[in-house]
Amino acid sequence: MNNMYVETFITFEAAHRLYDVNTYSEECRNNIHGHSYGVNIKVSRTSLNESGMVIDFKLLKKIVNEIIELPYDHSCILRSIDPLAEPIKANCKKVHIVEDNPTAEWMAKEFFQSLDEGLKDVDPELYVLSVSVRETEHNIATYEGGLEDAN
Ligand SMILES: [Zn+2]
């Protein structure tokens, strides 16, 4: 375990809808709407590489772009049981149909897992420490490695 880590931050735009869910607020429930998402990623390595880095920032940016920005920017994320999922998938280019409600918490965990895999493909000593997803200016969900599965 190394106590050095690097951080990077990206933003993207996406639409989602929470379906068949009991939420306190109604804004995200049953309405398709968009957010300007912000994603903060912390990455570490078992020890610094021979260049004295956790990872080259440009390489990290490329991996984050391929795993998060390209697939999710201007996409629509819907739950599989949502009756709109299939018609929207049939008529829109970028649609993600997911099993659970596409909350900021879901995104943080999904991005954590796919980034951790993507980084390990490049360098097995890399690992993700945390992914935070900012859904609105004031609200952030964070998934951290090493914590017990919240589900
Ligand atoms: Zn929302």
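**Getting to know the sheet and its helices**

Me: Is strand S3 mostly covered or mostly open, and how many of its residues are buried?

Reply: Happy to start there, keeping in mind that this is a predicted model. Strand S3 covers residues 75–79, five in number. A residue counts as buried if 20 or more other C-beta atoms lie within 10 Å of its own. By that count S3 is mostly covered, and its buried residues number four of five.

Me: Which strands does S3 pair with, and in what sense?

Reply: On S1 (residues 5–16), three bridges join the strand to S3, and Ala 14 stands opposite Ser 75. Four bridges join S3 to S4 (residues 95–98), where Arg 79 of S3 faces Val 98.

Me: How many bridges link S1 and S2?

Reply: Strand S2 spans residues 33–45 and pairs with S1 in the antiparallel sense. One of the facing pairs is Phe 9 with Asn 40 in S2. The number of bridges between S1 and S2 is 12.

Me: In what order do the strands lie, and which are at the edges?

Reply: Six strands make up an open sheet with mixed pairing. Their order is S4-S3-S1-S2-S5-S6, and the twist from one strand to the next averages 30 degrees. An edge strand pairs on one side only, which holds for S4 and S6 (139–144).

Me: Where do helices H1 and H3 lie on the sheet, and at what angle does H3 run to S5?

Reply: H1 lies across S1, S2 and S3, running at about 15 degrees to S1. H3 also packs on the sheet, touching S2, S4, S5 (126–136) and S6. The direction of H3 makes an angle with that of S5 of about 150 degrees.

Me: What kinds of residues make the contact of H1 with H3?

Reply: H1 passes H3 in a right-handed crossing. From H1 come Ile 63, Val 64, Ile 67 and Ile 68, while H3 brings residues including Phe 111, Leu 115 and Gly 118. Sorted by kind, the contact residues are eight nonpolar, two polar and no charged.

Technical notes. Residues numbered from 1 in each chain as written. Predicted model: local features only at pLDDT ≥ 70, side-chain atom pairs only at ≥ 80, totals over all residues. Left-handed = near helix turned anticlockwise from the far one by under 90°. Helix = DSSP H or I, 4+ residues; strand = E, 2+ residues; numbered from the N terminus. Contact = placed C-beta atoms within 7 Å. Nonpolar A, V, L, I, M, F, W, Y, C, P; charged D, E, K, R; others polar. Buried ≥ 20, exposed ≤ 12 C-beta atoms within 10 Å, placed from the backbone. Pairing = 2+ DSSP bridges. Axes fitted to C-alpha atoms, helices over the stretch in contact; angles between N-to-C directions.
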